[in-house]
Amino acid sequence: MSTLDIVPGKSSPNEPQSLTVRQQPPDNTIGGVSDQITAVSLGKAPLWWWIGLICSVALLGVFAFTLGSIAIRGTGLWNLSIPTIWAIDIANLIFWIGIGHAGTFISAFLLLLRFKWRGTFSRFAEAMTIFALATAGLFPLFHLGRIEYFYYLAPYPNTMWMNPQWRSPLIWDFFAINTYLLISLLFWFIDLIPDIAALRDKAKAPVLKFFYNILAMGWRGDMFHWEGLRKAAFTLAVIATPLVISVHSIVGLDFAVAITPGWHHTIFPPFFVVGAIFSGMAMVILFGVILRSGFKLQNLIPLSHMDNAAKLLLLTGMLVVYGYLIEAFGAWFADDAFEFALVANRSTGPFAPAFWGMILLNALPIQALWFKSVRRSPTALVVIALCVLLGMWLERFVIIPVSLSYPYLESMWNVYTIGVWDFLTIISPFGLFLTLMFIFIRILPIISIAEAKQHLAEEAEHAHQ
Amino acid sequence: MPNEMTHHEPHAEDGRQWQPMQLMSEEDAFEALLRRDHPREAAAMQMAKVNRRAFLKIMGASLALTGFGAVGCVPRRTDEQIIPYVRQPEELIPGRPLYFASSMVLGGFATGILIETHEGRPTRVEGNPNHPASLGGSNAMVQASVLELYNPLRRVGVLNNNAASSLENFTQALQRALQSRNAAGLRLLTETVTSPTLAAQIKALLEAYPGAQWVQYEPVSRDNVIDGSLLAFGEVVNTVYHFDQAEVVVSLDADFMASMPGSVRYAHDFASRRKVRADSASMNRLFMVESTPTITGSAADHRLALRPSQVETFARALAAALGVPVEVPTARPWPSAWFDAVVANLRAAGSSIVIAGNEQPPAVHALAHAINAALGNVGTSVVYTAPVEANPVNQRAALAELVADMEAGRVETLIMIGGDPVYNAPADIPFGAALSNVPFTAHLSYYNNDTSARSAWFIPQTHYIEEWSDARAYDGTASIVQPPIGPLYDTVVSAHELLALLTGDTRSGYNIVREYWQSQYQGGDFDRFWRRALHDGVVPDSALPPVSPTLVSDLNAALGAPTAAPGGLELVFRPDPNIWDGRFVGNAWLQELPKPLTKITWDNAALVSAATARQLGLRNETLVRLTYQGREMEVPVWITRGQPDDVITVSLGYGRGLGADVDAGRSFNAYAIRTSAAPWFVSGVTATATTIRYPLATVRANMETENTEHVHLLSLAEFQANPDLYLAHTPENSAYPPFAYDSYSWGMSIDMTSCIGCNACIIGCQTENNIPVVGKDAVRRAREMHWLRVDRYYVEDASGSERTVFQPLPCMHCEQAPCEPVCPVTATVHDSEGLNTMIYNRCVGTRYCSANCPYSVRRFNYLTYNTDEPLNAEWRNPDVTVRIEGVMEKCTYCVQRISEARINAKNEGRPIMDGEVTPACAAACPTKAIVFGNLNDPAAQVVALKAQPHDYGVLAELNTRPRTTYLARIVNPDESLRGTAGE
């Protein structure tokens, strides 16, 4: 590889002028890319970053207070009841795991399929995966009535030779989520090593230098290093790819295995996977647009890549819509009175706004993505992504507390309502996720420097030919 | 004036003697000293300090009393010899419960009970199988009465003008008053007395004080029954019904299965003729005419909703049709086919019963007597005896007379035993105001209530579990009230002891009762007789002998001309199914018990029909203002099916204590508009709709339509016509071989035809299994903890009549339990005897099991409902784990009872016999609708029941294979009434 002076104009030919106004022209040299990306971490933080971080930390405080209260005073603080034994706790779990899915999907799935544009998103999408998983992982823990005995779920050696119940989907969950977290973390870290080395080389403050020094694990950019790294990344990608499918399938099985009306659907595992990638892509697009304009990375996150991500959003969205249709069809086709009652209660009962909100927000806005101009409009993408995120949260809400409100025996029907603590539990997890994201974008390269350079080099080669 | 149960603070300000004490009591050192040296007084001190709201919060959640601290009550045995029920051990064996026969008295009438004690601590009350009023069954109030013993609301110190005093001071003051004042100015006010000993003591008192008078008053009295008897026979007789002898029963607004003396027995006898089996398919038939829906009406084969004032017309018409010469109004506001069917059925029946309700006027009772005589029922299904009450009089009239004397200054000394007339006297009898006219007043009461607060002296009374007494049952059978423990507090006094004080008698309660019976006993060896009476819980051969009263010659003249039925809105007062006349208002178990039909907890409600609500503009859970003769009350509306149009029903007893209305700063006190002239129903009431929302806590979603496929309803004819009827779901084949149960395999059968929905099983389960109370707010959030619930369905039968069906739902103990495989920590597993068990200390509280339970019978401790405050812990069954916050729990089939039986059987080297294990719900059931046993025992009763053609499992189509199965509800409608309106 040699230093090339090339302008990657081809990658973003249709970029609107309003967004390409740059105070300083991007230095699209290999060295310039390094400088530009590391500057995000090592340079002076913009004001919006500080405001965002402070707000996020405040929300994180609310989150800590909420979960702390729940742990000390009991899960009864949530508006849970006997039919509705889960509500926001598990809805959040699924929502946040779903957010995480896009990261692994992009980095592992698309890596194996050798989609070039994945490199743009992979780094922060993977970070999102880990932070979303960290957020999601708190809910199975804090939803427990006796959180102090969470380790009963693990097959640890004990005098009674007591094992967990292997037939329980919650145990599958326990292992699936833990495996997923571990592999995602490794995958992310392996990919980070060359970039951390770049940071190490650029960092001036001794503390930072020390910190990056340890994390870089002695990376020198040696050919053997690169070879090993590629092998490791591919091996992990091969391991991680089935995990994308398995984790949310297993989360889907939490519900499909139960005989509860509204849960007992064989379509749930694939439906959950698609839904997860759908919501995850929405989050990736949202962050992509924010980082792109926030740190002026228009050259490195080109609109053509946003376009590709939007196509994926459209695809997964249509699959989710198919799932809704199949669910209604299933109730009708099976002629199951309980499922029928549930569909009627969901669509006309007190939760009708949530149900129709879910349908409208998930099915309608994405239809705009059939148009290229929309796919390449950052503003439109932000709006659509927000609709999808809200719609997918509502979907989880409809699946959990709404289904549970209507059990088999009508004498136990009880309509769930969102109380104060429930509300805090809905909004405050964003505090943890965003705090981690804000810290991440300032201490680690948000775009893979190595991959960006490679991308530039390849494009330059194309240009020469 | 606010009473003690609603206010703890106000007494300090008017108590001169209290003040220095109060100042002193601020000091911690004093408290510590008091606690060390006088623990029981310290308890009383603490009590006065606890703020009511804070208290209710805790009490509502879990019956606890913060700060009751290290005191509480140490159970002691009585000094006297008491005889345990089953066997007398040489010494108490730790860990083994002892049972003592005793009696619980309500409205004067006794129900025989067995009190279970653990290491001297009473924990549970069950029916006494030897006692005629129980036969082993009981009701919710009997079951819950043990909680009263430990009620922290109880005031345990003597008060003089609401300031702390002592029993010695009272005795001296009493002696002074008795000596200095006119004997003719002495009045004794009690509740209904059937106790032979107390009656003898009162007789002695009245002899010692010439001119003194004894007045009885309680709000749910039997005045109409007594006056009806006088009207029919010219004398007071007691009527004992033998429902097991009657083929046809016609009830004239009589809720005989719930609110009459002997109702536990009546429910049992009635249900005994409704045990429909493949080989013995016959049933009695009940025609119910009622003015408000009751559980008796729910059990009826034909039910006619009439306005209360129309019941007399119905009774007259019925009497006339059956040959009793009485005048009948021409208007007949009921379907003639219905009426004709009643007449035809009564005529055709070999023996029958026509029974009039307590709430109906004397004329209806007199007519019922005449009809029974005309049908030849007297002596078989209807038996008359001498009155059970020691002095059966019209109590309202007596109270009015007493108040007139008080107002005129003729009463100088008023001793009141029990009751709360300031609160519950008819609104037109100003008892409270008249009380201040009496120079010396003393109130012996368990709680410091409104009457105590207005009396010069408050004397704390013993609970029935800690006192010696006696009482008579509905048929006159006498039984001894035997205390398994001594009084929890030294300061409490029983009614017998207080009466003894009045006559200068210094004997203990035990000696008074024992010596009374010794004086009555004719044979030799009194000790043996006494021991027998204590052991069995009944005095042998004490039932009153039958008498044959003669009807007055001209009943028509005695009844007078029928009055024209009034128009307009009618208001019905009923004793509350849970808190009765208000006496159980401090009982958290009964407050949280869902009322049988409305499933409302913690509150009073005005029951109205949907049509009337529309007409008056009333909305559910919104207050309505009821006005009658210038008096008014507000109460939330509850639209109820089966309620006659233009009739509003309210319960008595609310407006104080633990009721949710008090907590919300309101009072739904029906006594405020109840007058002596119309104690049970009035017409000419105005109902004004308000816009004030008042949410009620009901455990049942109130829906217009409901899915009724979980209850099977058959008519007797359908049952007989389909010998091959098979309702049970055939389990689907499984790839796995079934588990081989080689020892026991437990199962339960619930007969929905026998179940009357009385709720005894719920409280039975609650007291046996240490189930906490959660409070109104938690009930509204659907977090009630009852392991057993009774679902109520309105089902339309084949002929188009609507039936109320009750379905008790304990855990089904599914053979393929959906809850088991989903628990990640194996906290709920099947055991080798088929039980679906719950391992509390393994449970981490994921609640997944509950999501997967199609019956929703699992309960979760969302918050800390069980606290370890001493008084809260006292009633607990030591054989059952107390569950903590974050743990799932559910019905265990009373596994502790199975274990006990297994240990007994093992010790004796034999298998567990059929009937040896009875879960608490089955034990409490008055109609024996719940049968439990070993499915591996071919001779077991439960096996025979499960082989019945009408046996089925709820939601068995899910292939859960429930071990609790149901016998379909079978009704016996008259074919001639198929499809007629009016029901």
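I began with a sheet in chain B of this model, which is predicted, and found an open sheet of seven strands with mixed pairing, running in the order β5-β4-β16-β15-β14-β6-β7. I noted β5 (163-164) and β7 (213-216) of chain B as the edge strands, since each of them pairs on one side only.

I then looked up one pair within this sheet, and found that β14 (residues 413-417) and β15 (residues 440-445) of chain B are joined by five bridges in the parallel sense. In this pairing I recorded B:M416 as standing opposite B:H443 of β15(B).

Next I asked which strands helix α15 of chain B touches. Helix α15 (residues 395-407) packs on the sheet against β6 (186-190) and β7 of chain B, and its direction makes about 130° with that of β7(B). I also followed helix α19 (residues 495-502) of chain B, which packs on the sheet by touching β14, β15 and β16 (457-460) of chain B, with its direction at about 160° to that of β14(B).

Last, I turned to the contact between the chains, to which chain B gives 40 residues and chain A gives 39 residues. On the chain B side, I listed α29 (819-822), α30 (848-851) and β35 (859-860) as the elements that give two or more residues, and α30(B) has the largest share, with three residues. I wrote down the make-up of that side of chain B as 20 nonpolar, eleven polar and nine charged residues.

Note on methods. Residues are numbered from 1 along each chain as its sequence is written. Chains are lettered from A and ligands numbered from 1 in the order in which they are written. This is a predicted model: local features need pLDDT of at least 70, side-chain atom pairs count only at pLDDT 80 or more; totals for chains, interfaces and linings use all residues. Two residues are in contact if their C-beta atoms, placed from the backbone, lie within 7 Å. Helices (H or I, at least four residues) and strands (E, at least two) are DSSP runs, numbered from the N terminus. Ala, Val, Leu, Ile, Met, Phe, Trp, Tyr, Cys and Pro count as nonpolar, Asp, Glu, Lys and Arg as charged, and the others, Gly among them, as polar. Two strands pair if DSSP finds at least two bridges between them. Axes are lines fitted to C-alpha atoms, for helices over the stretch in contact, and angles run from 0 to 180 degrees between N-to-C directions.
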